[in-house]
Every structure is written in C-alpha cells, then in structure tokens.
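Please read it alongside the sequence and the coordinates.

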Amino acid sequence: MKPVALDWRYRMAVASRALAAIFGGYGLAVAATLLLSQILPMARSEAVVTASMLGFVVYAAAVCWAFAVHSGRQAWLGLLLPALLMAGLAWWLKGAAS
C-alpha cells in the first residue's frame, strides 16, 4: 500500500484545531472558573474549589469541541466567544460586588 501524501492545508487545519484546543480551551476553562467561583451559591472557599474542578471538565469538553466541529474557524469562534462572554460577565459581577 502506497502512503498518502498529506496536503499542507490539511496540516495547517489540524494545527489550527490543536492550537484552538490548547489555548482556546484554556481560556474558556479559566473564564468558566472565574465566573463559577463568583456565582456558585456556597461558601467562597468551596465555590473556588468546585469551580476549579469544573474547569477541568470544561477544558476537556473544549478539546473535544475543537476537533468535533466542521472547521477551524468554527472551533476558534466556539471557544473564544463564550470565553469572552464569561470573562466579561465575571468582570462585571466582580465590579458590582465591590
């Protein structure tokens, strides 16, 4: 069987999804942790620990999302837009609580 030569565009698409999974997923997990630590209805220390543990679940789901969608653009947008919305809401809640 003859090996198939992979096109450079395919390699860039996989690299883009991998970067979206790594960095976009990390950003989404951090934003979710920030937001959850502020809105969970429990003691502050318990909310932070619970939000941190849920951040690992969010990161794993983000990695799966990055490789499940049809395009790299959809992977980036599907990770960065919710991350920006959650980070903005967490920032707004932090300012409102002060």
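## Confidence of the model

The predictor's confidence in each residue is expressed as pLDDT, on a scale from 0 to 100. This is a predicted model, and the protein averages a pLDDT of 94, with 98% of the residues scoring at least 70. Among the elements of the protein, the highest mean pLDDT, 97, belongs to helix 2 (residues 44-68), while the lowest, 95, belongs to helix 3.

Where pLDDT is low, predicted coordinates should not be read in detail.

## Overall form

The secondary structure of the protein comes to three helices and zero strands, and along the sequence these follow the pattern α-α-α. The radius of gyration of the protein is 17 Å, whereas the globule rule gives 13 Å for 98 residues, so the protein is more spread out than a compact globule.

Along its principal axes, the C-alpha trace of the protein spans about 65 × 25 × 15 Å. Of the 98 residues of the protein, 23% count as buried.

## Packing of helix 1 with helix 2

Two packed helices are described by the angle between their axes and by the distance between those axes. For helix 1 (residues 8-39) and helix 2, the axes come within 7 Å and cross at roughly 155 degrees. Because angles over 145 degrees count as roughly antiparallel, helix 1 and helix 2 are roughly antiparallel to each other.

The crossing of helix 1 and helix 2 is right-handed. By class, the contact of helix 1 with helix 2 has 20 nonpolar, six polar and two charged residues.

## Packing of helix 1 with helix 3

The axes of helix 1 and helix 3 come within 8 Å and cross at roughly 20 degrees. Since angles under 35 degrees count as roughly parallel, helix 1 and helix 3 are roughly parallel to each other.

The crossing of helix 1 and helix 3 is left-handed, and the residues of the contact of helix 1 with helix 3 divide into 20 nonpolar, six polar and two charged.

## Trp-92

Trp-92 lies in helix 3, which covers residues 72-97. Is Trp-92 buried or exposed? The relative accessibility of Trp-92 is 56%, and because a residue counts as exposed when this value is over 50%, Trp-92 counts as exposed.

Trp-92 and Ala-20 are 72 residues apart in sequence, and their C-alpha atoms are 26 Å apart in space.

Notes: Residues are numbered from 1 along each chain as its sequence is written. This is a predicted model: local features need pLDDT of at least 70, side-chain atom pairs count only at pLDDT 80 or more; totals for chains, interfaces and linings use all residues. Side-chain values use heavy atoms; hydrogens and water are left out. Helices (H or I, at least four residues) and strands (E, at least two) are DSSP runs, numbered from the N terminus. Buried means under 20% relative accessible area, exposed over 50%, partly exposed in between (1.4 Å probe, protein chains only). Axes are lines fitted to C-alpha atoms, for helices over the stretch in contact, and angles run from 0 to 180 degrees between N-to-C directions. Angles under 35 degrees count as roughly parallel, over 145 as roughly antiparallel, 65 to 115 as roughly perpendicular and the rest as oblique. A crossing is left-handed if the near helix is turned anticlockwise from the far one by less than a right angle, and right-handed if clockwise. Ala, Val, Leu, Ile, Met, Phe, Trp, Tyr, Cys and Pro count as nonpolar, Asp, Glu, Lys and Arg as charged, and the others, Gly among them, as polar. The radius of gyration is taken over C-alpha atoms; the globule rule is 2.2 Å times the number of residues to the power 0.38.
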